[in-house]
Amino acid sequence: MFKNLTKCFSKIINKISNKGRITNENIKQTLREVRISLLEADVSLFIIKKLIKKIKTKCIGNKINKSLTPGQEFIKIVKKELISIIGNNNYKIKFLKKKLSIFLIIGLQGSGKTTSIGKLAYLFQNNYKKKILVVSTDTTRAAAIKQLKIISSQVKIDFFDSNNQQKPIDIINKAINYANIKKYDVLFIDTAGRMHIDVHLMKEIKNIYNFIKPIETIFVVDSMIGQDSINIIKQFNKLLPITSIFLTKIDSNTRCGIVLSIKYITNIPIKFLGNGEKFNDIIIFNGKQIVSKILGMENTFSLIKSIEKKVDKKYLNKLNKKIKQGNKFNLNDFLKQIYQIKKIGKIKTILNKLPLNNNIKKNILFQINDKMFIKIDSIIKSMTIKERKNPKIIKYSRKKRIALGSGTNIQDINKLLKQFELMKNIMKKMKNVGIIKLFKNIKNMIF
């Protein structure tokens with residue numbers, strides 16, 4: 001769904017990254033390309049105008065962070081503005097304490113309401129450990145009740161039976177009484193698909209809403225409908241308050257404009273995304289992740305998470321404390337850092353996206369591969385304890401002995417000592433900032 005827009009933004013960011021700085025001239029051209037990309041993605045023209053205006057204001061006339069390239073500064077501004085439009089509330093699913101939580105599912109016919117109930121039930125049961133009951137009030141569509149029954153058995157949740165001769169209010173009344181007696185946590189109510197111009201069915205859904213007063217009214221939207229769905233949501237919302245949107249088929253080839261438009265125009269948040277046919281193909285909406293995906297930052301985000309998991313925090317804290325106390329960074333520390341880099345892997349991919357100068361990127365730590373790791377490990381382990389703690393004493397005769405013991409040559413040892421000195425200088429500069437704080441700052445700079 002986001003593939004084309006991501007491709008367009010990647011090209012735009014690469015172009016501006018090659019500029020020395022952001023100027024009136026190059027930002028006009030860049031924003032023209034952004035406008036075209038968003039129009040092609042079926043984003044509302046009203047939103048495009050707002051977005052372009054905000055980006056332009058922030059890019060021109062503001063003091064640009066000198067440590068960042070234009071591409072990095074531009075991507076930060078665009079990301080912030082996209083998140084403000086798309087919505088970034090960390091939505092928590094609310095449940096009533098020691099009471100039945102009723103979720104009313106509404107939408108157009110064929111939008112995927114019944115399948116979406118299966119996905120929601122799967123999510124609530126597995127992630128929130130809720131006891132769930134589902135019921136269908138769709139007495140107009142043939143086999144609608146049977147479809148929900150089949151889905152409930154597949155998801156392994158309980159189904160409350162009903163038939164086409166019953167009135168929706170009677171079905172709901174019986175289902176609520178049963179759910180209360182059997183102490184269910186959640187009741188999902190499936191409703192018939194309807195258009196906002198169908199007066200009879202719209203009156204029926206309003207009566208259902210007034211009768212049950214649900215904790216959530218979820219409007220299921222087929223993302224393939226595009227911008228037309230926004231007007232339909234607005235019409236429904238006039239009659240009964242919609243609390244959230246479940247956007248289906250985001251795994252399709254449809255354009256992604258609806259995701260960027262819906263929250264800003266309707267003021268109703270997207271809370272759930274359906275991205276496949278299986279019941280576990282459901283995502284709780286996260287604005288930051290969606291924007292990162294659009295801007296092509298998703299892979300970097302997952303790599304940063306991987307670093308946080310793999311890095312030895314105890315070691316980092318220990319090294320941080322040592323440097324702050326003014327103790328010398330020695331070859332033992334250097335070797336430990338190499339072990340850390342080897343654990344992380346793919347570090348070069350991240351560093352290419354970071355605002356670090358070329359001298360830092362040339363450091364041996366950032367070019368580690370298995371072959372190089374074995375060589376460095378052998379050289380340092382062939383040194384005496386005294387040599388590791390004070391590398392300045394390593395002169396020609398010592399280098400000759402170390403080279404013989406590690407199966408390398410003097411040039412390799414010279415290169416390693418040169419890289420060590422560079423790393424030692426970096427560590428001195430970090431004394432006031434701290435390694436942990438620096439890592440956090442780099443992460444915040446990108447994301």
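These legends describe close-up views of a predicted model. Local features need pLDDT of at least 70 and side-chain atom pairs pLDDT 80 or more, while totals for chains, interfaces and linings use all residues. Residues are numbered from 1 along each chain as its sequence is written, and side-chain values use heavy atoms, with hydrogens and water left out.

**View A. Helices α5 and α6 pack at an angle of about 25°.** Helix α5 spans residues 113-127 and helix α6 residues 144-155. Their axes are 10 Å apart. Axes are lines fitted to C-alpha atoms, for helices over the stretch in contact, and angles run from 0 to 180 degrees between N-to-C directions. Helices (H or I, at least four residues) and strands (E, at least two) are DSSP runs, numbered from the N terminus. The two helices, α5 and α6, are therefore roughly parallel (angles under 35 degrees; over 145 is roughly antiparallel, 65 to 115 roughly perpendicular, the rest oblique). The crossing of α5 past α6 is right-handed, meaning that the near helix is turned clockwise from the far one by less than a right angle. On α5, the contact uses T114, T115, I117, G118, A121, Y122 and Q125. On α6, Q147, L148, I151 and V155 take part. Contact means heavy atoms within 4.5 Å. Of the residues in this contact, six are nonpolar, five polar and none charged (Ala, Val, Leu, Ile, Met, Phe, Trp, Tyr, Cys and Pro count as nonpolar; Asp, Glu, Lys and Arg as charged; the others, Gly among them, as polar).

**View B. R194 and E204 form a salt bridge.** The closest N and O atoms are 3.2 Å apart. A salt bridge is a side-chain nitrogen of Lys or Arg within 4 Å of a carboxyl oxygen of Asp or Glu. R194 sits in the loop between β4 (186-190) and α8 (199-212), and E204 in helix α8, so the pair ties together parts 10 residues apart in sequence. R194 and E204 are both buried (under 20% relative accessible area; exposed is over 50%, partly exposed in between; 1.4 Å probe, protein chains only). The whole structure holds nine salt bridges.

**View C. D377 and K381 pair within helix α17.** Their closest N and O atoms are 3.5 Å apart in this salt bridge. The two residues are four apart in α17 (residues 370-381), so about one helical turn separates D377 from K381. D377 has 14% relative accessibility and counts as buried. K381, at 46%, counts as partly exposed.

**View D. A salt bridge joins R398 to E387.** The N to O distance is 2.8 Å. R398 lies in helix α19 (residues 396-406) and E387 in helix α18 (residues 385-389), 11 residues apart. R398 is partly exposed at 26% relative accessibility. E387 is buried at 0%. R401 joins E387 and R398 in a network of salt bridges.

**View E. F285 occupies the loop between β8 (282-284) and α11 (287-294).** F285 is buried, with 4% relative accessibility. Its C-alpha atom is 9.1 Å from that of F246, 39 residues away along the chain. Leaving aside neighbours within four places in sequence, F285 contacts I86, G87, V259, I270, K271, F272, L273 and I290.

**View F. Helix α10 (residues 257-266) is mostly covered.** Eight of its 10 residues are buried: G257, I258, V259, L260, S261, I262, K263 and T266. N267 follows α10 and has a positive phi, near 65°.
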